[in-house]
Amino acid sequence: MSASASHLAAIVARCQQLFDDVDLAVPRAWKEAAPGRKVVAYMPIYVPRELVHAAGMLPLGVLGAGENLEVIHGDAYYQSYICRIPRSTLELGITGRLGFVDGFLFPSICDVIRNLSGIWKLLFPKVYVHYFDVPQNFADAVGGEYYLNELRELRDGLAELAGRPITDEALRASIAVYNENRRLANEVYALRAKAPWLAPTSEVYLLMRAGMVLPVEEHSRLLAEYLAAARAEPRPRRDNCRIVVNGVFCEQPPLGLIKAIEMSGCYVVDDDFMLVTRWLQGDVPTAGDPLANLAAAFLHRSMETSAKYQPDQALKGKYVVDAVKDARAEGVIFAAPSFCDPALLERPMLESALDRVDVPHIGFKYAENSAQMQPVREQAGTFADSIKLWSTP
Ligand code: SF4
């Protein structure tokens with residue numbers, strides 16, 4: 001094995017280990033490494049992690065428990081006809097796996113997450129629980145003003161938890177750290193879009209997942225190392241078709257599903273996994289009022305997703321069409337968690353937008369612990385074949 005291949009394998013193995021560890025040993029060890037350290041968890045899809053970082057605390061992304069935990073207690077709190085992420089997250093809490101967490105941010109994405117924030121408050125009264133509301137009106141004078149107030153409230157709450165003020169200077173420095181992380185994450189995505197055989201999505205996914213539990217500086221180093229190793233390692237290019245995966249912005253699919261899509265003959269050249277990593281597009285300015293800069297970036301330069309309101313019907317679905325164009329994709333696979341209202345309600349409109357420009361698509365649903373991947377492989381494989389056989393160049 002070449003040096004770059006073994007380095008690459010070591011990076012991926014480390015990320016896999018972090019992914020598999022439902023006991024969260026690494027963030028737990030981070031907290032124990034120095035007295036007074038605090039950890040603030042957050043759920044998908046977006047929270048301004050810069051604020052947590054500027055308070056000297058560790059932001060910890062909690063994306064459910066995947067396939068690695070049997071949900072026993074969590075089911076008692078929710079009806080069966082909702083997605084799985086709130087139940088497995090509760091399971092992590094009730095079994096004490098999140099017992100070292102000092103704060104928990106629940107971003108505004110859907111009623112399920114909103115209700116989970118209330119349940120968390122009742123179950124864990126000593127934890128700082130904050131429902132982080134975001135505007136669905138993107139005018140500066142309306143949603144912008146509202147969002148700035150939300151950011152101030154969050155900053156003050158986190159400062160109280162940390163026991164020290166979050167200064168503008170510290171926040172500017174944290175914005176710079178996250179700018180670097182976003183740049184590197186975008187570079188990984190760009191490499192995959194250009195040469196997906198060099199950066200398979202099953203690897204890219206694990207790499208981004210590592211960013212949920214590692215300190216951001218360490219994650220940035222890992223991204224840079226992966227980029228260097230992936231570029232140096234020649235890998236065979238296959239006759240796969242290029243597809244965009246959409247609808248996975250909250251409860252994450254099992255890793256097996258991502259692998260099944262790849263093994264069926266598809267290169268994933270864009271996706272909406274872990275949007276928090278790339279939510280703000282481009283650098284957030286580090287000069288001036290840092291809260292105003294974060295607010296402006298959220299309002300005017302953030303990712304499009306089904307969880308964001310688009311009042312203009314003519315623009316509905318444009319972002320998926322653009323993603324196809326930008327990544328030179330040949331089709332779209334809609335994959336969404338079962339019972340996910342934001343993803344599934346929007347899907348027909350996204351499909352119509354693709355139909356209007358003749359982009360083929362298929363769709364299926366999953367749960368984070370779905371085990372049987374053969375049907376997905378068959379469906380995605382047939383889709384890939386049909387693109388190769390019948391799509392016009
Ligand atoms: S998977 Fe969908 S419905 Fe479930 S919590 Fe996430 S956004 Fe809400």
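Predicted model: local features only at pLDDT ≥ 70, side-chain atom pairs only at ≥ 80, totals over all residues.
Local features rest on residues with pLDDT of at least 70, side-chain atom pairs count only at pLDDT 80 or more, and totals for chains, interfaces and linings use all residues. Residues are numbered from 1 along each chain as its sequence is written, and side-chain values use heavy atoms, with hydrogens and water left out.

Two packed helices are described by the angle between their axes and the distance between the axes. Helix 1 (residues 3–20) packs against helix 8 (residues 201–213) at an angle of about 55°, and their axes lie 8 Å apart. Helices here are DSSP runs of H or I with at least four residues, strands are E runs of at least two, and both are numbered from the N terminus. Axes are lines fitted to C-alpha atoms, for helices over the stretch in contact, with angles from 0 to 180 degrees between N-to-C directions. Helix 1 and helix 8 are therefore oblique to each other; angles under 35 degrees count as roughly parallel, over 145 as roughly antiparallel, 65 to 115 as roughly perpendicular and the rest as oblique. In contact (heavy atoms within 4.5 Å), L8, I11, V12, C15, Q16, L18 and F19 of helix 1 meet E203, Y205, L206, L207, R209, A210 and V213 of helix 8. By class, this contact has 11 nonpolar, 1 polar and 2 charged residues. Nonpolar covers Ala, Val, Leu, Ile, Met, Phe, Trp, Tyr, Cys and Pro; charged covers Asp, Glu, Lys and Arg; the others, Gly among them, are polar.

Helix 1 and helix 8 also each supply at least two residues to the lining of the largest cavity. On a 1 Å grid over the protein atoms alone, a cavity is a set of points where a 1.4 Å probe fits but cannot get out, a pocket is an open set with protein on both sides within 12 Å along at least five of seven lines, and lining residues have an atom within 4 Å of a point. The largest cavity holds about 290 Å³ of space, and F19, L24, L63, G64 and R209 lie nearest its centre among its 23 lining residues. Helix 8 gives the most to this lining, with 5 residues.

The largest pocket holds about 580 Å³ of space. Of its 25 lining residues, D270, R278, Q281, M303 and A323 are the closest to its centre. Helix 12 gives the most to the pocket lining, with 5 residues. The lining divides into 12 nonpolar, 6 polar and 7 charged residues.

Note on methods:
Points joined across faces, edges and corners; volume = space filled by probe spheres on them.
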